[in-house]
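Me: Please walk me through this structure. I would like to learn how to read its features.

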Amino acid sequence: MIEKQFKKYFVYLVFVLLIFSFLIGLIIGQKKAVIDFEKKQSDSYLNNGGNAIFGILGIKNDEKSLKDEGVDFDLFWEVWNSIKKDYLNKKDISDKQLFYGSLKGMVASLEDPYSVFLDPEKTKEFQQDLRGDFEGIGAELGIKKNIITVIAPLSGFPAEKAGIKAGDQIYKIDNLDTIDMTLGDAVTKIRGATGTKVILTIKRNDSLEFKEIEIIRAKIHMKSAEWKPIENNQEIIYLKIRQFNENVEKEFQQTIDDMLSKTKDPKGIILDLRNNPGGLLDAAINIANYWLSHDTVVVKEKFDGQEKEYKTTNDPILDKFQTIVLINQGSASASEILVGALQDHKKAIALGEKTFGKGCVQKIENLSGGSMLKLTIADWLTPLGRIINNKGIEPDIKLEMTSKDYETEKDPQLEKAIELMKQ
């Protein structure tokens, strides 16, 4: 009897152990399958550039919260794989193109025209801009009211010679619609080899008429700063700053040294910032230092409810001269910082038209592989707290240029500044 019961329990025990072993094997198998799947996914991410995307986003550490918000990155790969499998011209689409395109799209989703991802090729173009050397038409572009807009044609270069003006809205580039075109793509399409042509279809000053302008591209090299006497007796000095690029501080210092060595007690300075699209913050601050006393606020940075002040560091050498600053809607960014500071500290009179209104702080971050991220992180304020972004700087004396003035090459703004200097 005991032997029969022992055999019975032994069979039950073996059966339970078999089930337990099966379950353990199943769990281990599933775990191995998950590991294998994750490895394949990881390899796929690596091969297709996905690791970089998810590494930037930190998704591994925050996957649950993303899913809670309805973000499922399986969708990313569904789209990726669908393009690779079914797109008509899939042979012409590289993994790199899809990868960089996804990063551009991520930044574009911020709907901020000044935040942009630059692939290695676009990064090189941006760096050329800062050096003041590139091939194209010589115009600074921006986005205003969701339309590609000319911030400023650069003086003496093809865009200006062809009749392009600050504020012109570009609707087509060589018959390609610019609607939904990114700023970077527009710049790339407009640039090109010296001697080639590009046709821009523009609208001007809220006109209902479209106008086609043909422009022959050229090598663009800008001298950042220059001066000349307005009157034969050199009583009034005309000082032009074209752009706040990497060269401007050195060239501005050379310009001022030359000016002061060749003039005797000038009556005043007319500083022309018209059609100056801006550039580097440090350059604007250091040039403001020529007029503003040591330890004077030039601009404020506002972010997350906090403010940071940027001040001058040297003693001024031009503060004894009466100064009138010429501005228009092509004066942007660093130009607005400079004129705003001179206005607020009563060191200059601003004459002309309201400026463009680009007053946001951009962090420029160099990324792996030669790419770059320009990301808006704060707003600029003038020393007295005036907001620049989307508002611009209002002139003390408003005087607009008419179409007839441009056509006849008259400059009533400069003439008015000279008249005021002589009073």
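Me: In which sense do β11 and β12 pair?

Reply: Strands of a sheet pair through backbone hydrogen bonds, either parallel or antiparallel. Here β11 (236–241) and β12 (residues 268–272) pair in the parallel sense, over five bridges. Strands are DSSP runs (E, at least two residues), helices likewise (H or I, at least four), numbered from the N terminus. Two strands pair if DSSP finds at least two bridges between them. K240 has D272 in β12 as its bridge partner.

Me: What should I know about the model itself?

Reply: This is a predicted model: local features need pLDDT of at least 70, side-chain atom pairs count only at pLDDT 80 or more, and totals for chains, interfaces and linings use all residues. Residues are numbered from 1 along each chain as its sequence is written, and side-chain values use heavy atoms, with hydrogens and water left out.

Me: What is the strand order of the open sheet of six strands?

Reply: The order is β10-β11-β12-β15-β16-β19, with mixed pairing. β10 and β19 (397–398) are the edges; each has a single partner strand, so one side of each lacks a neighbour in the sheet.

Me: Which strands does helix α9 touch?

Reply: Contact means heavy atoms within 4.5 Å. Helix α9 (residues 248–262) packs on the sheet and touches β10, β11 and β12. Its direction makes about 15 degrees with that of β10. Axes are lines fitted to C-alpha atoms, for helices over the stretch in contact; angles run from 0 to 180 degrees between N-to-C directions. Helix α11 (residues 334–344) lies across β12, β15 and β16, at about 140 degrees to β15.
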